[in-house]
Number of protein chains: 4
Amino acid sequence: MLSTFGHLFRITTFGESHGGGVGVVVDGCPPGVPFSLSEVQAELDRRKPGQSILTTPRQEADQAHVLSGVFEGKTLGTPIAILVHNKDARPSSYESFKDMYRPSHADYTYQAKYGIRNWMGGGRASARETIGRVAGGAIALQVMRGHFPLEVVAWVESVHNVGPAVVDPLTVAKEQVDQNPVRCPDSEKAAEMFDAIDSARRSRDSVGGVICCVARGVPPGLGEPVFSKLEAELAKAMLSLPAVKGFEIGSGFQGTRLTGSEHNDPFYMGEDGRVRTQTNHSGGVQGGISNGEPLFFRIAFKPTATIGKVQKTVDESGQERELESRGRHDPCVLPRAVPIVEAMTHLVLVDAFLMQRARAGASFLPEKNAQR
Amino acid sequence: MLSTFGHLFRITTFGESHGGGVGVVVDGCPPGVPFSLSEVQAELDRRKPGQSILTTPRQEADQAHVLSGVFEGKTLGTPIAILVHNKDARPSSYESFKDMYRPSHADYTYQAKYGIRNWMGGGRASARETIGRVAGGAIALQVMRGHFPLEVVAWVESVHNVGPAVVDPLTVAKEQVDQNPVRCPDSEKAAEMFDAIDSARRSRDSVGGVICCVARGVPPGLGEPVFSKLEAELAKAMLSLPAVKGFEIGSGFQGTRLTGSEHNDPFYMGEDGRVRTQTNHSGGVQGGISNGEPLFFRIAFKPTATIGKVQKTVDESGQERELESRGRHDPCVLPRAVPIVEAMTHLVLVDAFLMQRARAGASFLPEKNAQR
Amino acid sequence: MLSTFGHLFRITTFGESHGGGVGVVVDGCPPGVPFSLSEVQAELDRRKPGQSILTTPRQEADQAHVLSGVFEGKTLGTPIAILVHNKDARPSSYESFKDMYRPSHADYTYQAKYGIRNWMGGGRASARETIGRVAGGAIALQVMRGHFPLEVVAWVESVHNVGPAVVDPLTVAKEQVDQNPVRCPDSEKAAEMFDAIDSARRSRDSVGGVICCVARGVPPGLGEPVFSKLEAELAKAMLSLPAVKGFEIGSGFQGTRLTGSEHNDPFYMGEDGRVRTQTNHSGGVQGGISNGEPLFFRIAFKPTATIGKVQKTVDESGQERELESRGRHDPCVLPRAVPIVEAMTHLVLVDAFLMQRARAGASFLPEKNAQR
Amino acid sequence: MLSTFGHLFRITTFGESHGGGVGVVVDGCPPGVPFSLSEVQAELDRRKPGQSILTTPRQEADQAHVLSGVFEGKTLGTPIAILVHNKDARPSSYESFKDMYRPSHADYTYQAKYGIRNWMGGGRASARETIGRVAGGAIALQVMRGHFPLEVVAWVESVHNVGPAVVDPLTVAKEQVDQNPVRCPDSEKAAEMFDAIDSARRSRDSVGGVICCVARGVPPGLGEPVFSKLEAELAKAMLSLPAVKGFEIGSGFQGTRLTGSEHNDPFYMGEDGRVRTQTNHSGGVQGGISNGEPLFFRIAFKPTATIGKVQKTVDESGQERELESRGRHDPCVLPRAVPIVEAMTHLVLVDAFLMQRARAGASFLPEKNAQR
């Protein structure tokens, strides 16, 4: 249940890692939006496996097929269904341990919940499920672009013990992020991260890390108090991603060590007549609503659960067993997670934007309010 | 919009800090559950102001009035409406700065979003809104109690620079938490925290900190992949609370420094024939679903935005001004936030429980599966 | 569960006929709307009991108390909670048949569903539950008024064998409807209906009938295909009312006897440059979306289930019994149902309006498109 | 927006009549249900065009492709995506009137709502959209079958002026319905209906009619008061179908001519110890909840809007024009609508069943309560 995300701009994803394919139905996309399939594909390409030696060698073109909702280059306002076929599935790799629960995977919990599971790969817990999110997020961006100058940029801040990278959230650009396979715009740290990941790969182990994300150009007024605060929806979005164990916005956990007088962000009038804050400990949200400053948040990814090393586990019959995985996998998910984090951010923002437009109608003109 | 939380067990809160009152409608509560108003009131009392010199001196009895949904000591299965009147509202305290945006408060963002706001106090962004959550959470616990031996315990782990407290999540009890006004079961640290908060109070400043929460006795199989993973709903629940800036579950941000072979939780067979894990870096969830181990998560609270010190800000007309707050407030929200965190945890769990029961019917018997 | 109606403009009702009170939380109301409590009260007065000898003698002032969401005469955009106390509850009237299932009431089905029920009156199945709907609908109208010239008018078309009344849906006004206690603008038929209802009352029996409703001034473009077609939401809204057994829009059941060439509504250009139809067999909707013509629909209400005559039934222990009801009741629900039908129509329309505004933003200007 | 139906068992449909295809994502299907694709296909075959001369000559195999959610013959509990390709689309048929609004079609209203539309066929308003509903409904039936002996049977009761057919709702079987192309189990009336439809076809006109539906074996206790009464959800489901203008349950509009003492259904104890009613004016629901008697309802379908006769209309530029349609169409939608009505009934019931299971858990055993 609940394979749908969003209130007004909704994505429903479907598909297992091994099966006919994976995809998404985007419902609630406004009509008349110029639709670029190549932009959607470009984001899928950033997410797809096989981009470098740091990622799983599984070969998937991840070609998006648009089945509906687009007509003569524009969105119709009707559901946009996008399908990506599974090509390079090798269920045989999983056969030898089909009755074993891989440690820190979802095998045991799916069995406990459903009483059945597709043992060929990760099923719905596979990162292939995120394909639909990336496609949906790319469309969400196309919707917002016509209304405010949004720039969402995520990057790898640390990998294992390497980091934090030194990056300026006010200026960092997607091109800088993509200039190396780690997706870290700090070249020196990126090189170290590359080595850390490669080293984990060679020792059949894995590593995790932290991704940062900034959203610039968000107009003030987005986010729904009380339960759907912008940060609450972002937290849910990020914790809904495989392998995520933490989320913090603005000052986050470190901010608990400041006093109120240090932490509060004093207001001042910007040169353009807009209300601004001198600091941004709030991370762009106050009371659950965007204040026009950049959104800034960090996400913790645990090390990939699939490793080649021998591990202790149990099987479905309750026997204790030893497991030696041979499924293809990423020694570190972070480089490929960057576009996914951006996509989820787009999805949260577009939903908040439509919600605010429902409330305020023509009197909400983000064009006039958003800061560049 | 969206003042409702939950899919099947839903709470809808209403009320501003200054107005007729605040309250909640609990919809979807199963019928026939023995209802204890005194338990509800006990939790409200843990949350209410004026418990010690560490909390706001605002005097509110926060007496719960049940308007519907209960009959002859049991729930009817119909909406349970609970109302708490506002008594000690002093809007005059706010009059002098009614047109000023208090730094790091929601004044500016509410104005940007709604074009109007109740300047008498915090409106919906006030912590008084959480009264409905606490009442709803207390009822949620009563629902689950008949089905599995749930124990949710939250405590203050750190305040400003004091901490972390040394606490064993496997055994810590609510009574230990409540033995001091800080709600930290480590007495030594609690004393230091008390001083830190009192010191902030005396200097008209404020402090933040970290709350830990453990949920023991959760049966395996709760949580809805993909988008409503248990940790995703918990993250949303916590980030929807005022002043929260971060959430992490299990190994969290620290876990990003482990390798996969260190981080993975090996499975073994427990003495009672249940599948267990040797470590709990996962924090009780795998693939978004509970695995029967204790849920464990941490929440970062920023220092209270309301402080007595003079601050720079702007007013609605765009003038730069100086603000000297005189509203009553807590120098540290954490002691009173403990029952709120527990309540939100109850709400997330009861919803996941009902969802799983919808799916699995009589074949889901948490009584048989939950670990004590 | 599911005591909430609407997607963006949502009402959640609570309360049993016998208990602390009944009420509503209106969530999603746009901010800054001038709020008239007297208009809300006026609609509650049209619904309240004791208006004439045709209605139940239960004495209820049905005074609305606004607990939140309104500030200085305007809506805040936050939840508006409205409470109406129950005053003249006489549970003792119900005591003698508390274990009997009243025929065609919800006693048996509530017991089957919940295993428990409030036997003091109708519980949630009582018409008192509709108080919250009427209050919510009155607010919905205040929201729409600022945007398009909506006029929703319902009236009693037939009672038992009396009717149909002759009424012009293009011109009928609320004042005409309210000029007699039956709420039928055809005075002659109204007199006959009055006699029919009074006759049923005197013989301790009851009668039903048909209510018509027209909504003029609805802009084209409201209603969400596929599943939330405007007529689908209206049908749900009406069938969610106690005692309703049928709904038809436009040509309805009679229209099945026309051919397509007779039934189709030819388009032409109106004098004001708007697209119009020469006939309105469609009842104002095509493909689930309003076309700018008046919405027109009819609703069948069965005769009141509560009657004074002796009836055969069974009790909770499975014994066959005879029941002689003494609860106060309306011999005909239709006169009091008129404002309820209008309220539900307002609620459906405001929700469709906000949804369309979310989609289309500033390019949806109902002011320019709605026909008077 | 809102292309999703259902709360726990949810279908999301996608696709236009002319485009890559149409389909459905079924979310919330319980796991471990034996899955029969051939049953799904059999229902699609009952719905597909080209079954007889009474239906559109468009040639579509309507072959269902299952993309996900099924594994080794059972449902996984994950989303089941089903795709049907569009084969025999002939957009050129529509080209000559692409800028004209076909009377009583959704062309004008889609344009008013979206500012854009796929003029190649009916877009989302096409009956092809219902393919996803039929597939979803067939799966819903497979879910319920394991729990209660549900039999949902719909049939054509009248066509234009022919009817009503004489059919016993307590015994009528699907095989009887399918024994003629009209899908009316009264052979004599069926022959007359055939002639009426064929006559309309030959005169390039169309006809409508009434479909009856009965659901036997529904356990007591299904349906969610207040707003999601079983009859309210059924009404919404039916009015969400193309061409539907009316819905009535039980005594419906005719029942308004009875008195309460005639209309009330007296309770008695059945031979099997179950509470029964002597009559069924209620149509199987009381207070929005099933009472164990058969559900019985009727649905009015207007004559098909697409006709071959010349019609007056306007075009997008506001010119008055004459339209002579050449799209392929059904002269009467009722025969093909029968499986669609059944499917929507299944979808409403399965959702109510899961909701009740969430509420009542193991104490709700429909197996014990449902009447055959």
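A:Gly246 stands opposite B:Glu248 in E10(B), at a place where strand E10 (residues 244-249) of chain A and strand E10 (residues 244-249) of chain B pair in the antiparallel sense over 3 bridges. Strands here are DSSP runs of E with at least two residues, numbered from the N terminus, and two of them pair if DSSP finds at least two bridges between them. This is a predicted model, in which local features need pLDDT of at least 70 and side-chain atom pairs count only at pLDDT 80 or more, while totals for chains, interfaces and linings use all residues. Residues are numbered from 1 along each chain as its sequence is written, chains are lettered from A and ligands numbered from 1 in the order in which they are written, and side-chain values use heavy atoms, with hydrogens and water left out.

**Interface of chain B and chain A**

- The contact (heavy atoms within 4.5 Å) takes 102 residues from chain B and 102 residues from chain A.
- The area buried between the two chains is about 8,300 Å², of which carbon and sulfur atoms give 62%; buried area is the accessible area, taken with a 1.4 Å probe, that two parts lose on being put together, summed over both.
- B:Lys113, B:Phe227 and B:Lys245 supply 11% of the area that chain B buries against chain A, more than any other three residues.

- The rule finds 4 salt bridges between chain B and chain A, each being a side-chain nitrogen of Lys or Arg within 4 Å of a carboxyl oxygen of Asp or Glu.
- A:Glu233 forms a salt bridge with B:Lys236, and the closest N and O atoms of this pair are 3.3 Å apart.

**A sheet within chain B**

- In chain B, 5 strands form an open sheet in the order E1-E2-E3-E7-E4, with antiparallel pairing.
- The edge strands are E1 (4-5) and E4 (65-66) of chain B, each of which pairs on one side only.
- E4(B) and strand E7 (residues 80-85) of chain B pair in the antiparallel sense over 2 bridges, and B:Val66 stands opposite B:Ile82 in E7(B).

**Relation of chain A to chain C**

- Chain A can be laid on chain C with an RMSD of 0.0 Å by a turn of 180° and a shift of 0.0 Å along the axis, the superposition being by least squares on the C-alpha atoms of residues with pLDDT of at least 70 in both.
- That is the relation of a two-fold axis.
- The same surface serves both copies, since 100% of the contact residues of chain A recur in chain C.

Key
Helix = DSSP H or I, 4+ residues; strand = E, 2+ residues; numbered from the N terminus.
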